[in-house]
Amino acid sequence: MSDLFDLSNFDNYKEDNCREVKKAEGGLPIALWESYSSFANSNGGVIILGVGER
């Protein structure tokens with residue numbers, strides 16, 4: 001999974017079929033579970049909480 005996410009390249013990442021970001025203001029967002037389920041039923045992925053996509 002290390003090829004899915006490298007913290008040193010964080011600013012260059014965009015959401016795609018194996019990377020997802022969620023703001024998570026006020027706790028776990030309900031939309032988290034949809035992404036979680038999608039990754040569980042595919043090749044997996046990385047969900048980053050506390051970050052919003054620009």
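Helices (H or I, at least four residues) and strands (E, at least two) are DSSP runs, numbered from the N terminus. The model is predicted, so local features need pLDDT of at least 70 and side-chain atom pairs count only at pLDDT 80 or more, while totals for chains, interfaces and linings use all residues. Residues are numbered from 1 along each chain as its sequence is written, and side-chain values use heavy atoms, with hydrogens and water left out.

**The whole chain.** Show the protein chain as a cartoon: 1 helix and 2 strands make up its secondary structure, in the order β-α-β along the sequence. Of its 54 residues, 26% are buried, where buried means under 20% relative accessible area, exposed over 50%, and partly exposed in between (1.4 Å probe, protein chains only). Contact means heavy atoms within 4.5 Å. Among contacts between residues at least 6 apart in sequence, 55% join residues at least 24 apart. The chain exposes about 4300 Å², with carbon and sulfur atoms supplying 49% of that; areas come from the Shrake-Rupley method with a 1.4 Å probe, and for residues only the protein chains shown count as cover.

**Helix H1.** Select Leu32, Ser35 and Phe39, which are buried in H1. Why do they sit on the same side of H1? They do because they cover an arc of only 70° around the axis, the arc being that of the directions from the helix axis to the C-beta atoms. In an α-helix there are 3.6 residues a turn, so residues three or four places apart point the same way. Now turn to the face of H1 directed away from the buried side, where Glu34 and Ala40 are exposed.

**Strand S1: Lys22.** Select Lys22, in strand S1. Lys22 is buried, at 12% relative accessible area. Beyond its neighbours within four places in sequence, Lys22 contacts residues including Leu32, Ser35, Ile47, Ile48 and Leu49. The side chains of Lys22 and Ser35 are joined by a polar contact of 3.4 Å. A polar contact is a pair of N or O atoms within 3.5 Å; within protein, one must be able to donate a hydrogen and the other to accept it, and residues adjacent in sequence count only if both atoms are side-chain atoms.

**Strand S1: Glu20.** Next select Glu20, also placed in strand S1 and buried at 18% relative accessible area. Leaving aside neighbours within four places in sequence, its contacts include Ser35, Phe39, Val46, Ile47 and Ile48.

**Salt bridges.** A salt bridge is a side-chain nitrogen of Lys or Arg within 4 Å of a carboxyl oxygen of Asp or Glu; the count by this rule is 2. One joins Lys22 to Glu20, with the closest N and O atoms 3.1 Å apart. Another links the side chains of Arg19 and Asp16 at 2.7 Å, N to O. Arg19 counts as buried at 17% relative accessibility, whereas Asp16 counts as partly exposed at 32%.

**Surface patch.** Finish with Leu28, Trp33, Tyr36 and Leu49, which make a nonpolar surface patch of about 460 Å². Patches are made of residues with over 30% relative accessible area and no salt bridge: like charges are joined within 9 Å, nonpolar side chains (Val, Leu, Ile, Met, Phe, Trp, Tyr) within 5 Å. Tyr36 brings the tour back to helix H1 (residues 32–40).
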